[in-house]
Amino acid sequence: MRHLWLVGILFTAVTAGAVDFTSARSGNWDDPDTWSPTGTPGAGDRVSIESRHIVTIPESYTATIGDFPADDTATPAIQCTSTGGSGALAISGTLIFRGPVRQCNSAWTVGPGAMVTHDSSGAAAPADTHYTWKLGLVNGQSASRLVIEGTAERRAILNIAADSGNAGGFQGGTLTTQDAGQVQASYANFSHWGTASSYFLRAWPHTQGAAAYFDSCNINNSGPISLYGIRPNVTFRLLKTVITTPLIPPTNRYIELGYGAYLTATPSGGDLRIEGSYIEGTVALNVNSNHIGKDAGFTFRNTILAGGTKSGQVPFLQSNSPAFAPGNWDLVFLQNRIQSSSDSGSLPAGTLRRTILTRNYRINPHWVYLSPSDTNLDGWIAEAEMDNGIAGDILMLIPGRNPYRVTIRNGITPPTPGGQAPGVTINYNTNINCDGNPWHCPAITAEQNTYLGDAQALTAIGGESNNGGAGLFASIQFNIAWRTTPGVGFITKWHALKVPVDGTFALADSNNWWNFTNEIRYDRTDTTPGSYVTPPGLKDTNADPQFLEWRNMRQWGSG
């Protein structure tokens with residue numbers, strides 16, 4: 001009882017003199033004449049900023065504000081005098097906020113070397129109390145912007161106090177408040193900003209399209225990023241930014257663009273870019289048009305998408321896939337770190353250049369290659385980062401069941417770190433035959449790819465669990481299969497006791513293996529190495545009499 005009495009005395013001491021201040025003019029936070037009543041707001045107080053006033057927290061000064069309310073619905077620690085107001089806050093020193101922040105229709109700034117700290121340590125349940133920073137309080141407040149401008153030498157810092165829960169994150173608009181709020185940050189470090197459920201940043205672009213910029217930022221232990229209902233002219237840029245140890249939501253989508261309500265128009269003319277960045281956690285795209293990449297200018301370049309480590313946290317996820325225009329997907333590294341064969345990574349449609357794919361699951365890891373529109377994967381490396389201990393399908397690209405053209409060329413599949421063969425690298429894997437179901441049958445071209453293996457048999461291109469269909473593999477040409485030691489191997493394969501329909505391989509010619517047994521290989525229908533059946537059908541066109549031919553590397557290279 002004595003302890004409770006002491007706590008009550010301390011709490012009364014903090015809150016008894018609480019004052020609600022309103023700005024009287026523009027000026028520094030620590031200037032008493034800036035406020036009405038005259039004085040300097042501090043711990044336990046709350047402030048409101050009048051329209052057209054700019055209150056500045058100067059360098060080397062720490063402003064502490066708020067009274068540790070129990071939740072985010074309480075009276076804000078900082079707000080404007082009206083929801084339609086234009087008061088502004090400029091932070092050059094340190095701001096410690098102990099309650100919600102509500103920013104109206106104006107630009108607030110965080111300067112070089114400034115610090116913004118969320119503090120719920122004095123709340124009734126500190127770890128479960130997360131005060132949000134809302135940008136824009138009514139429809140159409142697109143001028144509501146938080147501009148965080150650090151420098152390489154003096155980065156801006158956004159963090160939490162000792163014994164505090166995570167910040168509630170930034171929220172631009174709500175289901176009923178669109179066109180409100182954007183965050184623009186450069187050279188800023190964010191730590192414990194947002195939770196898995198309250199988001200690091202959640203915005204609701206609508207007719208005008210809110211925007212978010214992150215350039216040269218570090219984000220760690222923070223909640224997800226979401227732009228709901230992408231609209232024309234929306235801008236989202238993630239440039240030279242590192243995201244580590246993210247707080248993953250139940251959806252497993254860490255960065256999600258285009259999910260949610262109000263998704264009725266095809267986006268166009270926007271600037272959606274992720275470049276020069278490293279991201280742990282799923283990047284997920286969902287639009288009601290498969291032309292978002294082309295129409296909205298979506299670009300992925302020079303970026304590592306590392307995904308998460310738990311089930312469902314693949315590096316890249318698509319729904320109503322974007323179709324990337326030529327040059328908009330280039331030098332992208334997708335690292336699937338999940339220890340599960342069922343969690344396959346995926347790729348978007350469009351033109352994809354210089355793509356690196358890795359998996360670290362031990363047995364039968366796949367990369368599912370969906371193709372809801374024509375796709376060209378040009379220049380790629382696909383590898384398994386672990387040995388599975390058995391021969392088999394260590395890594396595969398799997399075209400989806402769609403009637404589109406899929407081109408896979410200029411790629412390489414190296415052996416595992418222990419030298420194991422990569423298994424079937426391009427595999428049409430479905431229990432539905434294309435033959436008789438042409439709407440399930442893509443036209444796959446695999447050309448100028450290289451497959452490297454060890455003493456195990458290596459297979460490069462084929463299918464399973466179905467009988468294929470005429471034209472499924474439109475062209476298999478100029479591929480190389482290479483072994484470190486002599487032995488049986490082949491470039492095409494069909495297994496699970498299936499024989500492909502005549503014409504499944506519409507054109508297969510000038511494919512070459514090195515260090516393989518000098519025998520013609522076509523397909524196989526059992527799991528016993530060396531058992532091969534079914535010569536090419538009449539509809540399988542080949543320029544040479546042989547379906548596949550053997551040459552050594554020197555002969556192959558000279559002609």
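**Strand pairing, ring pairs and a disulfide**

Modeller: In strand E12, the residue opposite Ile96 is Thr117. The model under discussion is predicted.

Colleague: What makes E9 and E12 a pair of strands?

Modeller: Two strands pair if at least two bridges are found between them. E9 and E12 (residues 115-118) are joined by 4 bridges, so they meet that condition. The two strands run parallel. E9 also pairs with strand E6 (residues 62-65), again in the parallel sense and over 4 bridges. Within that pairing, Leu95 of E9 is the bridge partner of Ala63.

Colleague: Are the faces of strand E9 covered or open, and which residues show this?

Modeller: Both faces of E9 (residues 94-97) are covered. Thr94 and Ile96 lie on one side, Leu95 and Phe97 lie on the other, and all of them are buried.

Colleague: Why is the pair of Trp133 and Phe170 called edge-to-face?

Modeller: Ring centres must lie within 6.5 Å, and planes over 60 degrees apart count as edge-to-face. For Trp133 and Phe170 the centres are 6.1 Å apart and the planes stand at 70 degrees, so both conditions hold. Trp133 belongs to strand E13 (residues 132-135) and Phe170 to strand E16 (residues 169-172), so this pair ties together parts that are 37 residues apart in sequence. Both residues are buried.

Colleague: How do you know which class the pair of Phe170 and Phe200 belongs to?

Modeller: The centres of these two rings are 6.1 Å apart and their planes meet at 85 degrees, so this pair is edge-to-face. Phe200 sits in the loop between strand E18 (188-191) and strand E19 (201-203), while Phe170 is in E16, so parts 30 residues apart in sequence are tied together. Phe170 and Phe200 are both buried.

Colleague: Which residues do ring pairs link into a cluster?

Modeller: The cluster is made up of Phe97, Trp108, Trp133, Phe170, Phe190, Trp193, Phe200 and Phe214. Over the whole structure, the search finds 16 aromatic pairs.

Colleague: Which residues have the most contacts inside the largest nonpolar core?

Modeller: They are Leu95, Trp133, Phe190 and Phe214, in a core of 93 residues. Apart from neighbours within four places in sequence, Phe214 is in contact with residues including Val183, Ala185, Phe190, Phe200 and Leu239.

Colleague: What makes Cys80 and Cys104 a disulfide, and why is its handedness assigned as it is?

Modeller: The sulfur atoms must be within 2.5 Å. Those of Cys80 and Cys104 are 2.0 Å apart, so the pair qualifies. The torsion about the S-S bond is about -65 degrees, so the disulfide is left-handed. Cys80 lies in strand E7 (residues 78-80) and Cys104 in the loop between strand E10 (101-103) and strand E11 (107-110), so the link ties together parts 24 residues apart in sequence. The structure holds 1 disulfide, and Cys80 and Cys104 are buried.

Notes
Residues are numbered from 1 along each chain as its sequence is written. This is a predicted model: local features need pLDDT of at least 70, side-chain atom pairs count only at pLDDT 80 or more; totals for chains, interfaces and linings use all residues. Side-chain values use heavy atoms; hydrogens and water are left out. Buried means under 20% relative accessible area, exposed over 50%, partly exposed in between (1.4 Å probe, protein chains only). Rings of Phe, Tyr and Trp (its six-membered ring) pair if their centres lie within 6.5 Å; planes under 30 degrees apart count as stacked, over 60 as edge-to-face and the rest as tilted. A nonpolar core is a set of buried Ala, Val, Leu, Ile, Met, Phe, Trp, Tyr and Cys residues joined through side-chain atoms within 4.5 Å. Contact means heavy atoms within 4.5 Å.
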